[in-house]
Amino acid sequence: MATSKQTVTVDGHRVTLTNLDKVLYPETRTTKADVLAYYAEIARFLIPHLEQRPVTRKRWVDGVGTMEHPGKAFFQKNLEASAPEWVPRQRIEHRDHTNEYPLVRDLAALTWLAQVAALELHVPQWRFGSDGVPRNPDRLVLDLDPGDGVGLTECAEVARLARSILQGMGLTRCQ
């Protein structure tokens with residue numbers, strides 16, 4: 001594998017990209033360069049859902065592996081010391097510790113996340129206010145997954161029932 005390295009400018013910020021030919025998804029031969037291109041393509045849709053929310057990253061530095069040989073993944077809450085200074089960040093004080101999370105406001109931050117193989121981006125249902133204080137939740141997400149004995153058809157049926165119940169409560173889609 002080549003250890004290619006290049007520095008690009010994204011939204012006025014310099015991002016060093018490495019190992020662009022590294023295969024992150026072996027079953028489809030999807031490379032880090034492919035993931036970067038995908039993030040760039042969907043950024044205008046994804047960033048509004050991430051904006052002002054602390055991002056916990058699930059990272060696969062050596063790729064996701066296969067069903068037979070899954071790759072090693074880890075969750076990362078704290079922003080690593082090597083993160084560029086221009087990556088927006090916000091602290092959350094816990095009872096016994098503080099975490100500093102990245103915030104994604106632009107393509108540059110999203111590009112940096114792809115560079116570090118953050119292949120899943122997890123955010124809460126609330127945002128930080130302009131004062132840095134967490135606001136009340138502003139959305140509800142229902143995660144309906146097919147599984148043993150439950151297919152996509154059943155998930156769609158539950159989704160329709162949930163929609164009817166939520167609409168009956170006056171909760172409607174806002175985006």
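Patches are built from residues with over 30% relative accessible area and no salt bridge, with like charges joined within 9 Å and nonpolar side chains (Val, Leu, Ile, Met, Phe, Trp, Tyr) within 5 Å. The model is predicted: local features need pLDDT of at least 70, side-chain atom pairs count only at pLDDT 80 or more, and totals for chains, interfaces and linings use all residues. Residues are numbered from 1 along each chain as its sequence is written, and side-chain values use heavy atoms, leaving out hydrogens and water.

**View 1. A nonpolar surface patch.** Leu140, Leu142, Leu144 and Val158 make a patch of about 350 Å² (Shrake-Rupley method, 1.4 Å probe, only the protein chains shown counting as cover; salt bridge: side-chain nitrogen of Lys or Arg within 4 Å of a carboxyl oxygen of Asp or Glu). Val158 belongs to helix 3 (residues 152-168) (DSSP runs: helices H or I, at least four residues; strands E, at least two; numbered from the N terminus).

**View 2. The largest nonpolar core.** This core has 29 residues (buried Ala, Val, Leu, Ile, Met, Phe, Trp, Tyr and Cys joined through side-chain atoms within 4.5 Å; buried means under 20% relative accessible area, exposed over 50%, partly exposed in between, 1.4 Å probe, protein chains only). Val104, Leu110, Trp112 and Leu121 have the most contacts inside it. Strand 2 (13-18), helix 1 (32-50), helix 2 (107-115) and strand 9 (118-122) each supply at least two residues.

**View 3. Helix 2.** Eight of its nine residues are buried, so helix 2 is largely enclosed by the rest of the structure. Among them are Leu110, Trp112 and Leu113. Just after helix 2, Ala117 takes a positive phi of about 60 degrees.
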